[in-house]
Amino acid sequence: MKRFEQQVCIITGGTRGIGAGITTQFLKEGARVIATYFSNDQKALEFKNSLEEHGKNLTLKKFYIGNYSECENFFKEIDADFSDYHVLVNNGGIRKDQLLPLLKEEDWDQVINTNLKGTYNMSKLVLNKFLKARYGRIINISSMAAVMGLPGQTNYSASKAAQIAFSKSLAKEVAKRNITVNCVLPGFIETALS
């Protein structure tokens, strides 16, 4: 018996880097996976094709997690195809590194909107299903930058530190409904982040 057989997992940023690794592992463990991505159709399709027989259990969805309306539309679409889902991995994220005196407001906003608001958007909307089912797993992929602080990453570090606080608070809100919320802080990993 595979560990995630009969389960549906949503993985944001699930076609590249760490997200591709997470998607691949869930598929190998028997899950059906909905992997989201933001921009690169060709790379997403290449990733799906590279999975060979596991690719048949992978659904790709393109939208921006930092936009609440787009997230709402995503859940409406998948509700039509999946009666239930069990795991959300908030992995989608970006970096726009620059020393603070030179950091453009738009780069601050884009990182906060993608990394933090994206976590809010997806978690809030997935809870509609999790709370009714009295079961769910939310896993937020943060970063060691959240606790170390790295020069040129005030926006990224702030967004990732906020994910930790978000996870702690949300975990206490939903624990009685058999929903867990955890935060993972990977170390330095040689993958693309864009």
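**Salt bridges and the overall fold**

Counting a side-chain nitrogen of Lys or Arg within 4 Å of a carboxyl oxygen of Asp or Glu as a salt bridge, the protein chain of this predicted model contains five salt bridges. One of them joins the side chains of Arg3 and Glu29, with a nitrogen-to-oxygen distance of 3.4 Å. This pair links distant parts of the chain, since Arg3 belongs to the segment before β1 (8-11) and Glu29 to the loop between α1 (17-28) and β2 (32-37), 26 residues apart. Arg3 is exposed, at 61% relative accessibility, whereas Glu29 is buried, with a relative accessible area of 17%.

Another salt bridge forms between Asp79 and Lys129, whose closest N and O atoms are 3.5 Å apart. Because Asp79 lies in helix α3 (residues 68-81) and Lys129 in helix α4 (residues 105-133), this pair ties together parts that are 50 residues apart in sequence. Asp79 itself is partly exposed, at 36% relative accessibility. In the salt bridge between Arg95 and Asp97, the closest N and O atoms are 2.9 Å apart; Arg95 is partly exposed at 39%, and Asp97 is partly exposed at 35%.

Turning to the chain as a whole, six helices and six strands follow one another in the pattern β-α-β-α-β-α-β-α-β-α-α-β. The radius of gyration is 16 Å, close to the 16 Å that the globule rule gives for 194 residues, so the protein chain is as compact as a globular protein of that length. Of these 194 residues, 45% count as buried, and residues 24 or more positions apart supply 72% of the contacts with a separation of 6 or more.

How values were computed
Residues numbered from 1 in each chain as written. Predicted model: local features only at pLDDT ≥ 70, side-chain atom pairs only at ≥ 80, totals over all residues. Heavy atoms only, no water. Helix = DSSP H or I, 4+ residues; strand = E, 2+ residues; numbered from the N terminus. Rg over C-alpha atoms; globule rule 2.2 N^0.38 Å. Buried < 20%, exposed > 50% of the residue type's maximum accessible area, 1.4 Å probe, protein only. Contact = heavy atoms within 4.5 Å.
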